[in-house]
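Biologist: I'm new to this one. Could you put it up and let me ask a few things?

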Amino acid sequence: MKRLRKLLLWLIVAPIMLVLALQLYFFVQIWWWVDHNPDSTSFMSRQLSVLREKDPKAQLKHTWVPYNRISNHLKRAIIAAEDSNFSGHEGVDWQAMQKAYERNTKKGKVIAGGSTITQQLAKNLFLSGERSYLRKGQEVIITYMLEYMMDKERIFEIYLNVVEWGVGVFGAEAAAQHYYGVSAAALGPAQAARLAVMLPKPRFYDKNRNSTYLSRRTNLILRRMGAAELP
């Protein structure tokens with residue numbers, strides 16, 4: 001009986017310790033990235049593996065550039081398109097998440113996440129692309145770690161440099177070169193708005209650049225960019 005109690009205790013304690021160890025790993029990694037730039041992310045590694053299934057020599061297009069070498073037009077466009085309250089919230093927009101939950105409940109499956117820029121970064125850095133409430137919970141924990149350890153500008157700088165923008169294309173510099181043949185610093189308002197609109201489905205829009213929705217949404221973001229508040 002005593003052995004059984006020990007076994008049951010171990011079955012309870014071991015998973016808790018593993019979860020805590022994982023959170024500690026996330027926290028230490030984020031602490032390191034306060035002053036050091038990520039060479040890669042979990043999402044980038046997965047996409048490279050997918051590309052190398054077809055071409056073993058495949059490489060990602062990715063060049064890190066500092067925050068001040070990225071067009072303010074692009075920054076404003078992304079905030080307008082993805083997270084209009086980025087500078088004001090503490091990492092999670094609970095109202096947006098509530099709306100996403102209601103949509104998911106209505107559809108009977110997870111189709112929307114209501115993620116902020118910080119949440120998207122948390123997912124890209126560490127997590128898989130699966131849609132589940134368990135993964136969403138971990139995303140929220142990492143999000144608050146990011147907001148605690150970094151200021152908004154640093155969070156946005158990393159996001160701009162690691163977000164996916166096409167098939168094997170990651171970061172603002174690679175995206176600007178891939179689509180327009182210019183540096184991230186040289187992007188104009190219309191170019192920036194179009195890149196921002198591509199973010200939810202970058203691989204799709206990389207292959208479908210003449211999409212009617214893409215053009216219509218780009219014009220809308222162009223009108224909203226002036227009101228976007230930069231960190």
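Biologist: At roughly what angle do the axes of helix H3 and helix H7 cross?

Modeller: This is a predicted model, where local features need pLDDT of at least 70 and side-chain atom pairs count only at pLDDT 80 or more, while totals for chains, interfaces and linings use all residues. Residues are numbered from 1 along each chain as its sequence is written, and side-chain values use heavy atoms, with hydrogens and water left out. Helices here are DSSP runs of H or I with at least four residues, strands are runs of E with at least two, and both are numbered from the N terminus. Axes are lines fitted to C-alpha atoms, for helices over the stretch in contact, with angles from 0 to 180 degrees between N-to-C directions; those of H3 (residues 72-82) and H7 (residues 152-162) come within 12 Å and cross at roughly 95°.

Biologist: So are H3 and H7 roughly parallel or roughly perpendicular?

Modeller: Angles under 35 degrees count as roughly parallel, over 145 as roughly antiparallel, 65 to 115 as roughly perpendicular and the rest as oblique. The crossing is roughly 95°. H3 and H7 are therefore roughly perpendicular.

Biologist: Which residues of H7 do the H3 residues meet?

Modeller: Contact means heavy atoms within 4.5 Å. From H3 come Leu 74, Lys 75, Ile 78, Ile 79 and Glu 82. Their partners in H7 are Phe 156, Tyr 159 and Leu 160.

Biologist: Is Leu 48 buried or exposed?

Modeller: Look in helix H2 (residues 42-54) for Leu 48. Buried means under 20% relative accessible area, exposed over 50%, and partly exposed in between, with a 1.4 Å probe and protein chains only. Leu 48 has 18% relative accessibility, so it counts as buried.

Biologist: Last one: how many helices and strands does the protein chain have?

Modeller: Along the sequence, the pattern is α-α-β-α-α-α-α-α-β-β-α-α-α-α. Of the chain's 231 residues, 43% count as buried. The secondary structure comes to 11 helices and three strands.
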